[in-house]
Amino acid sequence: MKKTTSISIPRRIILGAALTAAGVALSGCGGGAAPAGGGNVELNFVFWGDANRAKVTEEALRVFEKKNPGITVKTEYQDSGPYADKLATRFAGGNPPDVLAMANRSLLEYAQRGTLADLKSMPELNLDKVPATVQSRGEVDGKLYGLATGVTSIGMVVNKTITDQAGVAIPDDKTWSWEDYAKFATEVTQKTGGKVYGAGYDVATETGPILLARQRGEDFYTEDNKLGVSEETIRDWFQYSVDLRKAGGYPPAGFFEQIGGSPAQSYLAKGTVASQIIPINNFRGYNEAVEGDVVLLRIPGETTEKRRGYSADPTMLWSIAAKSKHPKEAAKLLDFLTNDADGAAHTLTQRGVPVNPEVAESITSKLSADDKTFVDMMAAIQEDELAPAYVYPKGASVVADTLKQLATEVEFGRVTPADAAKTFLEKSNAAINK
């Protein structure tokens with residue numbers, strides 16, 4: 001089995017601004033920090049995240065303030081659940097934050113309402129080192145309304161201790177197909193006597209079919225903000241799990257429960273599945289939570305389908321409010337979050353890999369072995385010619401919810417994959433075209 005190998009970071013890394021772990025949140029939200037020092041301009045910077053993210057964010061911002069006397073930054077952070085509602089309240093009340101974290105699904109709506117500034121128009125923000133493929137994820141009608149805070153992608157984690165004990169070889173992730181993965185998963189289940197299922201990925205999460213659509217030459221979301229995935233691809237995505245379950249490689253209906261999304265709560269950590277699809281920036285958490293040797297692999301099909309399915313996906317986006325009273329200072333802060341190695345030394349890969357390759361290189365020596373594995377995989381992925389990915393359309397949240405609902409129906413056999421695919425397109429197109 002080929003593990004992910006160490007690859008030097010300085011190459012064309014189209015990766016997400018990890019240094020941007022600088023905090024952001026909403027007025028009246030949980031955890032906030034008072035402005036430091038006595039500057040003439042105070043910026044309000046809001047984001048979602050936990051206390052650890054807020055801590056390293058504050059450390060980075062003190063560096064910014066030292067380099068930019070006269071500017072102080074007040075940060076507020078919020079859990080991801082209530083963040084969207086509180087952000088909407090701020091904008092509706094005419095009191096938006098200066099700099100904020102923006103979800104991929106929300107960018108288009110805010111941009112088309114005229115509430116966000118065009119980042120390309122701000123000379124204080126240097127975008128020279130940010131690859132065009134990364135910038136494209138925040139572009140609407142030729143203007144840049146969001147800049148990746150950091151990028152990541154999805155990958156397959158496999159508990160090699162379990163597969164070694166079962167005598168099952170892990171396929172080469174540089175060349176394996178979806179058929180290879182199905183055979184591998186089924187063999188693991190058989191050779192463990194059904195105590196461990198070979199596959200345990202989430203059928204209901206949209207990142208899987210988005211990648212499969214790209215592999216098949218389709219854009220799940222198109223450049224003109226429409227749904228581009230075919231009914232056939234959605235049908236096959238559902239059918240794959242049905243067939244894998246029948247073969248024994250995937251757990252029976254009802255096996256998975258809602259027990260939380262952390263690595264420690266995963267079925268991989270429980271030892272009941274041998275493989276799982278994860279955001280690869282979470283690799284360290286899974287390796288620490290699992291009792292065994294966990295390896296990180298590419299998703300199947302990358303060399304056996306029409307084209308690569310991978311892209312550099314923003315973990316989230318930084319935006320500046322169009323009504324910010326301090327646009328120049330806000331742009332300076334965003335430039336710092338994107339291009340400053342000293343700030344990145346504190347935030348590292350909190351929000352993915354830095355979009356500036358030079359910044360990514362600067363943090364390499366400070367990373368743990370597991371974080372370096374994830375960063376190296378992103379670097380290796382970026383060496384390939386990747387298909388473009390576009391801004392999510394309005395209605396994208398409905399698309400995600402529809403996929404989840406139909407995945408459950410297919411799981412329990414109440415709807416066929418073909419009917420589910422037809423319903424998915426009907427409901428998704430209705431939401432997007434509304």
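Modeller: Gladly! The largest cavity holds about 70 Å³ of space. This is a predicted model, where local features need pLDDT of at least 70, side-chain atom pairs count only at pLDDT 80 or more, and totals for chains, interfaces and linings use all residues. Residues are numbered from 1 along each chain as its sequence is written, and side-chain values use heavy atoms, leaving out hydrogens and water.

Colleague: What is a cavity, and which residues lie nearest the centre of the largest cavity?

Modeller: On a 1 Å grid over the protein atoms alone, a cavity is a set of points where a 1.4 Å probe fits but cannot get out; lining residues have an atom within 4 Å of a point. Here ten residues line the largest cavity, with Thr133, Ser311, Ala312, Leu386 and Ala387 nearest its centre. The lining has six nonpolar, four polar and no charged residues, where Asp, Glu, Lys and Arg count as charged, Ala, Val, Leu, Ile, Met, Phe, Trp, Tyr, Cys and Pro as nonpolar, and the others, Gly among them, as polar.

Colleague: What is the strand order in the open sheet?

Modeller: Strands are DSSP runs (E, at least two residues), numbered from the N terminus, and two of them pair if DSSP finds at least two bridges between them. The five strands follow the order 2-1-3-10-6, with mixed pairing. Strand 2 (71-78) and strand 6 (147-152) each have a single partner strand, so one side of each lacks a neighbour in the sheet.

Colleague: How many bridges join strand 1 to strand 2?

Modeller: Eight, and these strands run parallel. Leu43 stands opposite Val73 in strand 2.

Key. On a 1 Å grid over the protein atoms alone, a cavity is a set of points where a 1.4 Å probe fits but cannot get out, and a pocket is an open set with protein on both sides within 12 Å along at least five of seven lines; lining residues have an atom within 4 Å of a point. Grid points are joined across faces, edges and corners, and a volume is the space filled by probe spheres set on the points. Helices (H or I, at least four residues) and strands (E, at least two) are DSSP runs, numbered from the N terminus.
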